[in-house]
Structure formats: C-alpha cells, structure tokens
Amino acid sequence: MKKLIRPLMLVVPLIAGVFVPEAGKLASPPVNFIRWALFVMIFLNLLQVKFADLKPCREHFYVLAVNVLMGVVPFFLLRLIFPENMILAQSAFFTGIAPTAAAAAVIISLLDGKVGFAVTGFVITNVGISAALTGLLPLTTGNFSPEFFFNVLYSLGTVIGLPLILAQGARKFLPRILNYIAPLKNVSLILWSMSLFIMAAIARDYYDKNAEGSLWMIGGMMLISLVICAANFSIGGLLSKRYKHESSQILGQKNTTFVVFLALEYASGAAALGTIFYVIYHNVWNSLQLFWHQKRTKE
C-alpha cells in the first residue's frame, strides 16, 4: 500500500486540478501558496543536510554547468525558430533551468547509489542555479530594470537563502528538531501534492482562456519538456564515469516547484506549463528505473 501513496499523490492532484481551474488563484497574492509551500519544503529538505558532510567534486560542477545550458540553449534556440512565441521559449527555459530535486537522493538510495553525491548535488545546483538566475531571469524576460533585479534577489532569498540559513540555525540551536524529521517528511509530501493540484488548475485555466491556440501550444510544451527530460538523464550519465547513475539522476530529477514559482512570479502561468509535464516524465522514468533495479537484484 505504501508503494502506491506517492504515485497517487502525483496523479490524483493533477487530475483533480483540471476540474477546479479556480484553484489556480491560490498561487497569486494574497495567498501565494506555491511560494510558501516551496519555502517550507526547502527548509525541511535542508534541515536534513549537515554541511560539514557535503563533499563537492568536479562532477557536481559539470552538472551545474550543463543544468544552466539546458535552460539557456533551448530558450535561444526557440526564440530563433519561433521569434513571435516568447511563451514557448520561456517554458523551455524554466523547464531546463530547474535545479535538482531533494527527492533525487531518495531515488539514488533505492538504486543503491551514492546518496552523499546526490545530497551534495542538490545543494550545489539549488544554490548555483539561484545565483545564475539573478542574471538569467532579466535576460529571458526582457526586464533589465534595477527594481526587477532586486525583486529577483528578494524572491530567491526568500525561497532558497532564508530556508538555508534557518535550517542550519535550527540544526545548531534546536538539535531536538532532528528527531521529528521523519514525520515532517509527510508535510513536504502534502505540500508538494497540493502544489501539483494548483499547477494543474493553472494549466486548465490557461486552456480555457486560450482555447484556439492552446492545443498547439500545449502539444509543443509537452514535446519540448520530453526532449529536455531525456537529454538531462542521458547527458547526466555521460558527465561522470565514477558516478554515472548519480549524475544522471541529479541532472534529470528536477525541483519543478521552484521554477513554477519563478515562472508565475516573473513570466506567466503559461510559461510554467512545461514543468508540469516534466513532473510526469521524470516520475515515469524513476518508476522504470526502480522496476528494472528490483528485477536485476532478484535475478
């Protein structure tokens, strides 16, 4: 039964959100659900990280560099091919630029890989991509005003910097909080599930308001997201001989909630749609990997 919980918490919210498009408003002020859900999830994830145990190596920085390129290259390529369609290019950018998901370490542990490599990759890509976005967001949105730049700094500081500081402070000054990490993981799962519900509602709302061109646009986003997902897992595996599966996973499994928040904040709901498809793709691939791994270990 436990094995079915996570897939159900992926599928059910996505289906339910399609039937409640009004729920998409929860991502906007004054609620800002995705912003604060992301804050809590990042805090709980970083609470489990002891920075003294992190062991960066060159492969982590190879992954970070490719992670940046996977957002930038599709963006400019699509701007060249479809100069009138900024949304398609922005959707590809936010899909490709997403840093590593904390859950990548869980998948690596289930695949009997090096969990420490995945945890270090999670921290490096989330911090590194956040730093890169201070320059890339103005570039991809076309807004180069000082006010926009400081707004980006504020947003990234809120959802990455502040949780990091608070998590490490809690580890040092409130060590007993570590005894509650296991039950707190359920909080992250619930917040992630509710965020998926809101994302699906945003997708439905976009479709309703742009019915004529929506099918073509959504179909394009589905295809681009699939190509980016396949490229991430494939290229990631080529970046390291020592950590082939681990580097593949930390490049391929994305913190999609993070970039959905940024897309909603600085682009549009439509630009966030590609990441919703990515959620499905990388979870399908993870399921296949776990199935093949269990099959091999039983033989």
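The largest cavity holds about 50 Å³ of space. The structure shown here is a predicted model, and a search of the whole of it finds one cavity of 30 Å³ or more. Helix 2 (33–47), helix 6 (115–141) and helix 7 (146–173) are the elements that each give two or more residues to the lining of this largest cavity. Helix 6 gives the most, with four residues.

The residues that line the largest cavity are I42, L46, F122, V123, N126, V127, I160 and L164. Sorted by class, this lining has seven nonpolar residues, one polar residue and no charged residues.

A search of the whole structure finds 10 aromatic pairs. F82 counts as partly exposed because its relative accessibility is 33%.

F149 and F150 also form an edge-to-face aromatic pair, at 5.5 Å centre to centre and with 75° between the planes. How exposed is F149? With a relative accessibility of 34%, F149 counts as partly exposed. F150 has a relative accessible area of 54% and is therefore exposed, the cut-off for that class being over 50%.

Aromatic residues also gather into a group: ring pairs link F75, F76, F93 and F94 into a cluster.

Methods
Residues are numbered from 1 along each chain as its sequence is written. This is a predicted model: local features need pLDDT of at least 70, side-chain atom pairs count only at pLDDT 80 or more; totals for chains, interfaces and linings use all residues. Side-chain values use heavy atoms; hydrogens and water are left out. On a 1 Å grid over the protein atoms alone, a cavity is a set of points where a 1.4 Å probe fits but cannot get out, and a pocket is an open set with protein on both sides within 12 Å along at least five of seven lines; lining residues have an atom within 4 Å of a point. Grid points are joined across faces, edges and corners, and a volume is the space filled by probe spheres set on the points. Ala, Val, Leu, Ile, Met, Phe, Trp, Tyr, Cys and Pro count as nonpolar, Asp, Glu, Lys and Arg as charged, and the others, Gly among them, as polar. Rings of Phe, Tyr and Trp (its six-membered ring) pair if their centres lie within 6.5 Å; planes under 30 degrees apart count as stacked, over 60 as edge-to-face and the rest as tilted. Buried means under 20% relative accessible area, exposed over 50%, partly exposed in between (1.4 Å probe, protein chains only).
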